[in-house]
Amino acid sequence: MTGGRATIQLSRRFYLIVVLSLVTLGTGMATGYALFYRLLYVLILTGVLSYLWSWLTMRSMEVTVHRRARQVSVGDSVEEEITVRNLSALPKHALEVQDTTDLPVVSTGMVVGLRGGSSGWWRIQTTPRTRGVYTLGPLRVSNVDPFGIFRRERYFGDKDTLTVFPRAFDLPGFKVPAADIMGDSSIHRRTHIIAPHASTVREYEAGDSLSRVHWNTTARMGKLMSKEFDLGRAAEIWVLLDLHGDVRAGELEESTDEYGASVAASLARRYVGAHLPVGLLAYGDQRYFLPAETGSSHLERVLFYLAMARAEGDTPLGVVLPKEELLWTHQSSLVVITSSPNPEWVVALGELSKRGIKVLVVLIDGESFGGDLDASDVIAAMYSRGLSTHVVRRGEDIPTALSRLDNTSVASEGVRLEEVLSTG
């Protein structure tokens, strides 16, 4: 890629030289001393040489970039392979090569030098620290002349999109919720009721209806065969992520919203891996909604929505729950992820629990992230209602935090984890 037209920037030294040249010219004309004219010639020559230097350095150049990934997770490395070719016989010194990205990274640049007719190859690695959809490129190549008077820049290549998903962890210690609903295969239990999913076939028994007969197997076996159904124990799983701007604390990857998004991504992957329908609801800079579905493509959509969602919401969780309550039935399990210290949402969650909705809370301890988010009132409110919760603190391993129940938030006579999170 030969790049576009170069742009030039004038430094303060340029204007200083202009002023000195005018003063020197005026003084020379007033006094007639030849020394002032010689000084004027030096200033003009310095400006001309500096301009020629920057012009020659930035011409006859080819720059290419190869980016390996378009989708990564927080903490992964993003690699770029950059090749710079000097197409002229003159050497090029102190070329600053930088990728103009909006990724929140310290630097993605380097300074290189090339002999005449040579080329160089470099690899740049950056580590995304927050989820989001970012742009990479174009590459900016710049140079400053030895006197620091002119700075020229040229841009090479096009823009690419990089999607940074929240980090999703394996959760071997986190069990899937139960809802005692027929027809999914989270567990297998024989039933005489016709459910949507048949797991096996058996010989026909007296009393079996014709609707249970599996005709393909009957034809192959030469005798009547009936379908055997599963009685599963899980219906829709809903993950609700609270991204209200007022309950955010911390910076970059060490922030409540990044931890919350990581928890949501980990849970979604856990549920999808268990072949359970998962729905997503997040209130951030806008309402993000995905109906409950299964499959790897659905998981990718969930991760993409989590990547786009910003913690800039203005709808409190206590308003979201009653507003969206029609989404959930007694066949639903709801996981709420929040760092809100306002106990009003606990009241709304308690009402959903009374309707038979399985409820679990993942509380991100905002106070541990340096925010003024004391969750003691929330914990007390959940304790009084017997609501189950996991508490995740800054620096804590998320799989470890989600593998245990925080006993301070569950009444001794309330709902136990084994009752809410059981595989049967």
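Strands β15 (237-242) and β20 (333-338) and helix α4 (256-273) each supply at least two residues of the lining of the largest cavity. Helix α4 gives the most to that lining, with three residues. The model is a predicted one.

**Cavities**

- The count comes to two cavities of 30 Å³ or more.
- The largest cavity has a volume of about 80 Å³.
- Its lining is made of 14 residues, and the closest to the centre are Asp242, Leu243, Thr256, Asp257 and Ser339.
- Threonine 256 is found in helix α4.
- Threonine 256 has a relative accessibility of 5%, so it counts as buried.
- Threonine 256 and glycine 371 are 115 residues apart along the chain, yet their C-alpha atoms are separated by 9.4 Å.

**Largest pocket**

- The largest pocket has a volume of about 310 Å³.
- It is lined by 16 residues, and those closest to its centre are Val74, Arg167, Phe169, Glu253 and Glu254.
- Helix α4 gives the most to this lining, with three residues.
- Helix α4 is likewise the main contributor to the lining of the largest cavity.

**Strand pairing around β11**

- Strand β11 (residues 160-165) pairs with strand β3 (residues 71-73) in the parallel sense, over three bridges.
- In this pairing, glutamine 71 stands opposite threonine 163 of β11.
- Strand β8 (residues 132-136) runs antiparallel to β11 and is joined to it by five bridges.
- Here tyrosine 134 has leucine 162 of β11 as its bridge partner.

**Strand pairing around β5**

- Strand β5 (residues 92-99) is joined to strand β6 (residues 109-114) by five bridges, and the two run antiparallel.
- Glutamate 96 stands opposite valine 111 in β6.
- Four bridges join β5 to strand β9 (residues 139-144), again antiparallel.
- Aspartate 99 has leucine 139 of β9 as its bridge partner.

**Salt bridges**

- The whole structure holds 23 salt bridges.
- One of them brings together the side chains of aspartate 160 and arginine 70, at 3.7 Å from N to O. This pair links distant parts of the chain: aspartate 160 lies in strand β11 and arginine 70 in the loop between β2 (61-67) and β3, 90 residues apart.
- Aspartate 160 is partly exposed, at 22% relative accessibility. Arginine 70 is also partly exposed, at 40%.
- Both residues belong to a network of salt bridges that links Arg67, Arg70, Glu80, Asp99 and Asp160. Asp99 of this network is the residue that partners leucine 139 in β9.
- Lysine 223 and glutamate 203 form a salt bridge at 3.0 Å, N to O. Lysine 223 sits in the loop between α3 (215-221) and β14 (225-230) and glutamate 203 in strand β13 (residues 198-203), so the pair ties together parts that are 20 residues apart in sequence.
- Lysine 223 is partly exposed, at 36% relative accessibility. Glutamate 203 is partly exposed too, with a relative accessible area of 47%.
- Arginine 393 and aspartate 365 meet in a salt bridge at 3.8 Å, N to O. The pair links distant parts of the chain, 28 residues apart: arginine 393 is in the loop between β22 (388-392) and α9 (398-402), and aspartate 365 is in the loop between β21 (358-364) and α8 (376-385).
- Arginine 393 is partly exposed, with a relative accessible area of 33%. Aspartate 365 has a relative accessibility of 16% and therefore counts as buried, as buried means under 20%.

**Nonpolar surface patch**

- A nonpolar patch on the surface has about 1100 Å² of accessible area in all. Its members are Ile8, Leu10, Tyr15, Ile44, Leu45, Val48, Leu49, Tyr51, Leu52, Trp55, Leu56 and Leu90.
- The elements that give two or more residues to the patch are β1 (7-10) and α2 (34-57).
- Helix α2 provides the largest share, eight residues.
- Leucine 49 has its place in helix α2. It is partly exposed, with a relative accessible area of 46%.

Note on methods. Residues numbered from 1 in each chain as written. Predicted model: local features only at pLDDT ≥ 70, side-chain atom pairs only at ≥ 80, totals over all residues. Heavy atoms only, no water. Pairing = 2+ DSSP bridges. Patch = residues over 30% accessible without salt bridge, like charges linked within 9 Å, V, L, I, M, F, W, Y side chains within 5 Å. Areas by Shrake-Rupley, 256 points an atom, 1.4 Å probe, with all protein chains shown as cover. Salt bridge = Lys/Arg side-chain N within 4 Å of Asp/Glu carboxyl O. Buried < 20%, exposed > 50% of the residue type's maximum accessible area, 1.4 Å probe, protein only. 1 Å grid on protein atoms, 1.4 Å probe; cavity = no way out; pocket = protein on both sides within 12 Å on 5 of 7 lines; lining within 4 Å. Points joined across faces, edges and corners; volume = space filled by probe spheres on them.
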